[in-house]
Amino acid sequence: MKSRATTICCLILFLATEYSHSRFHIRTKDGDKLQGPERKPKTGRIQEKCHGPCSTSSNCSQPCAQHFHGEIGFICNGNKWQKSTETCTSLSVETLFMDSNSASRLSVAAPSITLHILDYQAPEPIRSVAQGIQKNCPLDYACIINAVKSSEATSGNIAFIVELLKNISTDLSANVTREKMKSYSKVANHILDPAVIPNWAFIPDKNVSSDLLQSVNWFARQLHIRNEPEHIVDEFFIQTKGFPINNNTSERSLSFSMNLNNTVEGILGIIEIPRQELWKLPPNASQAVGIAFPTLGAVLKEAHLENAHLPRVVNGLVLSVILPEKLEEILFTFEKINKSQNARAQCVGWHSRKRKWDENVCETTLDTKNRVKCRCNYTNVMMSFSILMSPISVDNRVLDYITCIGLSVSILSLILCLIIEATVWSRVVLTDISYMRHVCIVNIAVSLLTANVWFILGSNFNKKAQDYNWCVAVTFFSHFFYLCLFFWMLFKALLIIYGLLVVFRRMMKSRMMAIGFAVGYGCPLVIAATTVAITVPGRGYVRRGACWLNWDDTKALLAFAIPALVIVAVNLVVVLVVAVNTQRPSIGSSKSQDVAIILRISKNVAILTPLLGLTWGFGIATLIEGTSLIFHIIFALLNAFQGLFILLFGTIMDHKIRDALRMRMSSLKGQSRAVEAAPCFMEVLGPGWRVELLQEAGRQAGMERDSHVSLEDFLFLPEMMPELSVRRLPRKN
């Protein structure tokens, strides 16, 4: 009997010692330091990468470290193995409740002790989280906290913890108390630490973050608030507050201030319920609950985005709100995380079924440098709200207005330009040089018009649900037609040089047309197609959040910037050559003639600057970081209205086009004598005559010769006929 009592006492002492050890000490693995509950979570171990040959898009996998189950997946990118997925987990249903059941621990730690001494029967295995919690800690759910906090925050463990919270929300949310909400939030807080955020990217299931948000919201929906405002949860990365409301309650608000990445000042978020909404409530008491997440926005993945390079960046707290069903409208105030002057915001709500941000449920009522105010519609599937940041670029209301108005005016101007060209075409293309000159004008107008249309499509598309393939198509055609614009400008500049330097030998029109279309459309097609072929396989063609060429990852934008800047430089040289040729004074020139030369130079430069795209040179200044807004405004003004400039300087200021329009109008009224005079006059000249148009006659008629146009372009203008000087040349034998 004494021996039996001694054995029992020893057994009780052993159990007490083991329980104390397991309760207050966390076993370490492989030399890891002891981690208390207040320390930052461990974020997993670095595994050896694959050692096999690395070829494009090939995959491999490696087993996890000791005591972990699962594997780590790698993909070959740029001849290097890069981690793509991870399922390593050390948690399981058994490990969650191992320290909460002393008899279970006894059966593992002391199998040699005879169990019949205690008349003990081995417990049934725990088959689910709900069963384990109901058995070990049904009042506060605290029995799972230590096991979760002591685990390393690998991608596999994060996925396990999210599934754990999801099961609790589904099976154990019948009567949620303050204590249960605290324990639930402590578990969620463990995987929302900024040090853990990078590991979310390797979870195979991209809906895990959405599941976490929906589970927390659903669990909080069952929370019961007392008759006074409560600060229920105050963890570092999740806070919960609530207060009672009814139809007599004045306007109420919940204010959150949470630190992000150890910042000194917290990021502010405010939830307000308008008074008119509270009037909709019944007389009996209801409640409102608000939850704030400072880091969850960084891991929320939108299901509709096919391109991982086009995520929309959350720039504030994610605020969830649980309200009575009759309330529909709610107000938010978000403090911006990125307070850059260029970081504009868009108020959005998270659609829990579609798993994406929806901008249609919110209206941005105020957007300042630091804060944003939103008015949003609340529903059962739209309970979480935040603000999204636009891509980093100079974005100002003034630039928006300039671009919108300028593009509209340009499109109308280019359409008018093409109509005028079609109307007077047969009257102004009487020589090969004039023919090619107007071919250039027409193709420049068509290229710019088409590019502007694609630009508008791309701009509007950025505000809607983005489809990667459609975004690639928009970017390709925008890139192609803007390049066509520049290359036709280059061909026009080469045509000017050809007209100035080559006087006695003229190229055939068919050959000039072939060269023009090869340069104007062939070169852009080669550049645009090559850029797509190189960058699209790696999804590096378009930039994040905008349908335009990528810069951050692949520098695809250089495929537009380099050709454009080179052409601008070449065209600038052409303008200087034209100016030099124009300024040559005649012998014995007077001051009035010098003034006329200066005016002629200024006129030529003014005409050629928009036609040759020199205004795009201001784009160099906008590429420099920290450039003043004034340079962006100048660049927007000059290029948004480029279509208007082409209409003015390329069409309306051309005397031949104006005279052709007059003749067209006269012919419509039956006054076509001037039109019929030119061919009759030419028949009188005969084959042995050479007609020479004197510069003096041109000045008297008010039509200065363009430096890039041959004198023959002026031959058939009716106003010039009285001033023609004709001299007989000897016939050739």
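The crossing of helix H12 with helix H13 is right-handed, a crossing being called right-handed if the near helix is turned clockwise from the far one by less than a right angle, and left-handed if anticlockwise. The model is a predicted one, in which local features need pLDDT of at least 70 and side-chain atom pairs count only at pLDDT 80 or more, while totals for chains, interfaces and linings use all residues. Residues are numbered from 1 along each chain as its sequence is written, and side-chain values use heavy atoms, with hydrogens and water left out.

H12 spans residues 468-501 and H13 residues 509-535, and their axes come within 8 Å and cross at roughly 150°. Helices here are DSSP runs of H or I with at least four residues, strands are runs of E with at least two, and both are numbered from the N terminus. The axes are lines fitted to C-alpha atoms, for helices over the stretch in contact, and the angles run from 0 to 180 degrees between N-to-C directions. Sorted by class, the contact of H12 with H13 has 21 nonpolar, four polar and no charged residues; in this scheme Ala, Val, Leu, Ile, Met, Phe, Trp, Tyr, Cys and Pro are nonpolar, Asp, Glu, Lys and Arg are charged, and the others, Gly among them, are polar.

Trp488 and Phe491 are about one helical turn from each other, because they stand three residues apart in H12. Both Trp488 and Phe491 are buried, where buried means under 20% relative accessible area, exposed over 50%, and partly exposed in between, for a 1.4 Å probe and protein chains only. A pair of aromatic rings is described by the distance of the centres and the angle of the planes. Rings of Phe, Tyr and Trp (for Trp, its six-membered ring) are paired if their centres lie within 6.5 Å, and planes under 30 degrees apart count as stacked, over 60 as edge-to-face and the rest as tilted. By this rule the count comes to 20 aromatic pairs. In one of them, the rings of Trp350 and Trp357 have centres 5.1 Å apart and planes at 80°, so this pair is edge-to-face. Trp350 counts as buried at 3% relative accessibility, and Trp357 counts as buried at 2%. The pair of Trp488 and Phe491 is edge-to-face as well, with 5.8 Å from centre to centre and 90° between the planes. An aromatic cluster is formed by Trp454, Trp470, Phe476, Phe477, Phe480 and Phe481.

Rings also take part in contacts with charged side chains. The charged end of Lys509 sits over the ring of Tyr435, 4.3 Å from its centre, the rule being that NZ of Lys or CZ of Arg is within 6 Å of the ring centre and within 35 degrees of the ring normal. Lys241, in turn, lies over the face of Phe256, at 5.2 Å from the ring centre. Ala292 is buried, with a relative accessible area of 0%.

Thr249, in the loop between strand E5 (239-245) and strand E6 (252-258), is buried with a relative accessible area of 11%, and its C-alpha atom is separated by 9.8 Å from that of Ala285, 36 residues away along the chain. Val542, in the loop between H13 and helix H14 (558-582), is buried at 0% relative accessibility; Val542 and Val472 are 70 residues apart in sequence, yet 6.6 Å apart in space, C-alpha to C-alpha. His67 has a positive phi of about 75° although it is not a glycine; His67 lies in the loop between strand E1 (59-63) and strand E2 (71-77) and is partly exposed at 47% relative accessibility. Tyr141, likewise not a glycine, has a positive phi of about 60°, and this residue, in the loop between helix H4 (129-136) and helix H5 (145-149), counts as buried at 5%.

Two further helices remain. Trp425 in helix H10 (residues 397-428) is partly exposed, with a relative accessible area of 25%, and Trp425 and Ile657 are 232 residues apart in sequence but 8.8 Å apart in space, C-alpha to C-alpha. In helix H18 (residues 642-652) the buried residues are Gln642, Gly643, Ile646, Leu647, Gly650 and Thr651. These lie on the same side of H18, because they cover an arc of only 145° around the axis, the arc being that of the directions from the helix axis to the C-beta atoms.
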